[in-house]
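Here is my notebook for a first look around this structure. I went through it one spot at a time, and you are welcome to follow along.

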Amino acid sequence: MASPPSELDTEASTDRRWMARAIELARAAAVDQEVPVGAVIVRDGASLGEGSNRTVGEADPTTHAEMVAIRQAASVMGDWRLLGTTLYVTLEPCAMCAGAIVLARIPRVVFGASDPKAGMAGSLENLLQDSRLNHRCDVSSGVLADESSELLKTFFRERR
């Protein structure tokens, strides 16, 4: 007889499910010739904000997937504090996005692929957990990392 799933199994399963949604958003970005990054903000099992990169289409360097999702979730919640939420994103957040995540008080961030050139959740620095700031996030990395990484590799390989 199998034992019941542990809390960690349930959390891991939930993380994979929401990261799969972020990957769908990343794929849609690639179709639009945007760098394939997707993000979803979840609270109580429901998506409050979703985004994919829009920097090319909107000619706006601030329209990273995380920023789009944060704006949407804040609008839905009617508050800039995104307490009780989890952000799922296919690529480790950059400095801009990490700063917005901290300012929005997002308690948990789950990302897929690490970004050794711009990642601010452990690769270059760890802004999300910097003890000097007034808010720190729990961070989980590597969730569906291979799928997230392959999307990016394929996107850039096709442009070279």
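The entries below follow the order in which I looked things up. One thing to keep in mind from the start is that this is a predicted model.

**Entry 1: a charged residue under cover**

I began with E66, which I found in helix α3, spanning residues 65–77. Does E66 have a salt bridge, or does it lack one, and which side chain of opposite charge is nearest? I noted that E66 is buried and has no salt bridge. The nearest side chain of opposite charge is R71, and it is 9.9 Å away. A salt bridge would need the charged atoms within 4 Å. Next I listed what E66 touches, leaving out residues up to four places away in sequence. The contacts are V37, A39, L87, V89, L91, P93, C94 and C97.

L87 sits in strand β3, which covers residues 86–91. Is L87 buried or exposed? I read a relative accessible area of 0%, so L87 is buried. Again leaving out residues up to four places away in sequence, L87 touches E66 as well as A39, V40, I41, I101, I106, R108, V109 and V110. I also checked L87 against E58: the two are 29 residues apart in sequence, and their C-alpha atoms are 23 Å apart in space.

**Entry 2: the hairpin**

V40, one of the contacts of L87, took me to the hairpin of β1 and β2. How many bridges join strand β1 to β2? I counted six between β1 (residues 38–43) and β2, and the strands run antiparallel. The partner of V40 in β2 is E50. Two residues lie between the strands of this hairpin, and D44 takes a positive phi near 55°. Strand β2, residues 46–52, is mostly covered, with five of its seven residues buried.

Last, I looked for aromatic pairs and found one. F155 and F156 form this pair, which is edge-to-face. The ring centres are 5.1 Å apart and the planes make an angle of 85°. Which of the two is buried? F155 has a relative accessible area of 6%, so F155 is buried. F156, at 34% relative accessibility, counts as partly exposed. I then found R159 lying over the face of F155, at 3.5 Å from the ring centre.

Notes: Residues are numbered from 1 along each chain as its sequence is written. This is a predicted model: local features need pLDDT of at least 70, side-chain atom pairs count only at pLDDT 80 or more; totals for chains, interfaces and linings use all residues. Side-chain values use heavy atoms; hydrogens and water are left out. Helices (H or I, at least four residues) and strands (E, at least two) are DSSP runs, numbered from the N terminus. Buried means under 20% relative accessible area, exposed over 50%, partly exposed in between (1.4 Å probe, protein chains only). Lys and Arg count as positive and Asp and Glu as negative; His and the chain ends are not counted. Contact means heavy atoms within 4.5 Å. Two strands pair if DSSP finds at least two bridges between them. Rings of Phe, Tyr and Trp (its six-membered ring) pair if their centres lie within 6.5 Å; planes under 30 degrees apart count as stacked, over 60 as edge-to-face and the rest as tilted. A charge sits over a ring if NZ of Lys or CZ of Arg is within 6 Å of the ring centre and within 35 degrees of the ring normal.
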